[in-house]
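Work through the following exercises with the sequence and the model side by side. Try each task before reading its solution.

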Amino acid sequence: MIVVGGEALIDLVPVALPTGALLPRPGGGPYNTALALGRLGAEVAFCSRVSSDGFGESLLAGLRAAGVDLSLVQRGPEPTTLAVPSLAPDGSASYGFYVEGTADRLFTLPPALPDGVRALALGTCSLVLEPGASAYEALLRRESRRGVLTLLDPNIRPALIADPAAYRARFLERLLPHTSVLKLSEEDAAWLGGRVEDWLAAGPSAVVLTRGAAGLTVRTREGGEYSAAARPVAVVDTIGAGDTVNAALLHRLTTRPGEPVDWPEVLAHAAHAAALTCTRAGAEPPYAAEL
C-alpha cells in the first residue's frame with residue numbers, strides 16, 4: 001500500500017465567463033496525488049484531517065470513487081481550506097489561500113501505519129501550516145526509520161510561507177534526511193535556492209525535476225542522469241500535473257521493489273500521465289486504461 005499524507009482542499013477555479021465565476025473543484029497536492037494513484041489502480045490510502053462540512057464530504061466522495069482507502073482520515077467540524085488559482089495565458093497557475101482555522105492544518109500524528117505500507121508521500125501546504133506541519137514531519141521521520149520509501153514534493157506556495165529562511169532550513173535539515181525521492185518543479189528549485197548535489201548529499205537517493213514543456217529529469221545519488229520529453233498536448237491548465245507526476249512515480253517505483261529502477265521508463269510514464277491531466281480543467285488525472 002502507498003499512503004499519501006497532506007491537505008484536501010477546494011480549488012475555486014476561474015471559468016471563461018464574463019462574470020468571472022469560480023467553479024469549486026476538489027484539490028490539494030496530496031489529495032490529487034492520492035486520487036491519481038487510485039485511478040492508476042494502485043492500492044492507496046489517504047492520511048489527513050478533512051472537514052465534516054459539505055466540501056469535506058465531496059472530497060471524500062471523490063477519493064472513495066477512485067478506490068482510495070479512507071481509514072486513516074481524521075474528521076473535524078472546522079471549515080475546508082479554499083484555494084483560488086489564477087491562470088496565466090499558458091495555463092500555469094498561481095494560488096491564494098483561505099486557511100485560518102481550517103480542518104486540514106489540525107492533523108495529528110496517527111498510530112503506526114500498517115506493516116504492508118511500502119511508500120509514503122507528503123507535500124505542499126501540509127509542510128507549512130502548523131500544528132499539522134510538525135505532525136507530518138514526525139510521520140515522515142517515523143516511517144523513514146522503519147524503511148518505508150518516502151517521496152517529498154515541496155510544491156512551494158510562497159503566499160503561505162511567512163519565514164522563507166526558516167522553511168528552507170527545515171527542508172534541508174529536517175525533511176531531506178528522511179526523504180527517499182525528492183520531486184520538485186523548476187520554480188520550486190529556484191525558490192529553494194539550493195543545488196541538486198546538495199539535496200542528494202542531504203539524504204534522497206534521487207531528485208526528480210519537472211520542467212514544464214521541457215519534460216522531466218532525474219539525478220541519482222550514484223551519479224546517473226536521465227530525462228523524458230513532455231508529451232505535446234493542447235493545454236487547458238496545469239492544475240494537478242505535478243501531483244500526477246508524484247502518483248506515476250510512486251506507481252512505478254513500488255511495482256518492482258528491490259529491482260533496479262528503469263528511470264527512462266518511469267519518467268516517460270510520468271510525462272504521459274501529466275500530459276493527459278493538462279488537457280482537462282482542474283485536477284483530473286487519468287485512469288490506467290487511458291495510458
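The model is predicted, and local features need pLDDT of at least 70, side-chain atom pairs count only at pLDDT 80 or more, and totals for chains, interfaces and linings use all residues. Residues are numbered from 1 along each chain as its sequence is written, and side-chain values use heavy atoms, with hydrogens and water left out.

**Exercise 1. Backbone geometry in loops**

Task: Locate the cis peptide bond that ends at Pro131, and examine the positive phi values of Thr124 and Asn155.

Solution: Begin with the peptide bond from Glu130 to Pro131, which is cis with an omega near 5°. Pro131 belongs to the loop between strand S9 (119–123) and helix H3 (132–145), where helices (H or I, at least four residues) and strands (E, at least two) are DSSP runs, numbered from the N terminus.

Next, turn to Thr124, which is also found in the loop between S9 and H3 and has a positive phi of about 65° although it is not a glycine. Thr124 is buried, its relative accessible area being 5%; here buried means under 20% relative accessible area, exposed over 50%, and partly exposed in between (1.4 Å probe, protein chains only).

Finally, consider Asn155, a residue other than glycine whose phi is positive, near 40°. Asn155 sits in the loop between strand S10 (149–153) and helix H4 (164–175), and it counts as buried at 12% relative accessibility.

**Exercise 2. The nonpolar cores**

Task: Determine which residues have the most contacts inside the largest nonpolar core, and which helix gives the most to this core.

Solution: Apply the rule that a nonpolar core is a set of buried Ala, Val, Leu, Ile, Met, Phe, Trp, Tyr and Cys residues joined through side-chain atoms within 4.5 Å. The largest such core has 46 residues, and Phe46, Leu63, Leu249 and Trp263 are those with the most contacts inside it. Helix H8 (residues 263–278) gives the most to this core, with eight residues.

A second, separate core holds 44 residues, including Phe97, Tyr136, Leu139 and Tyr167.

To see the surroundings of Leu63, leave out residues up to four places away in sequence; Leu63 then touches Tyr31, Ala34, Leu35, Phe46, Val68 and Leu70, a contact being heavy atoms within 4.5 Å.

**Exercise 3. Salt bridges**

Solution: In the bridge between Arg75 and Glu57 the closest N and O atoms are 2.9 Å apart. Arg75 is partly exposed at 35% relative accessibility, and Glu57 is partly exposed at 39%.

Now compare the setting of Glu137 and Arg141, whose side chains meet in a salt bridge (4.0 Å, N to O). Glu137 is buried at 8% relative accessibility, whereas Arg141 is partly exposed at 30%.
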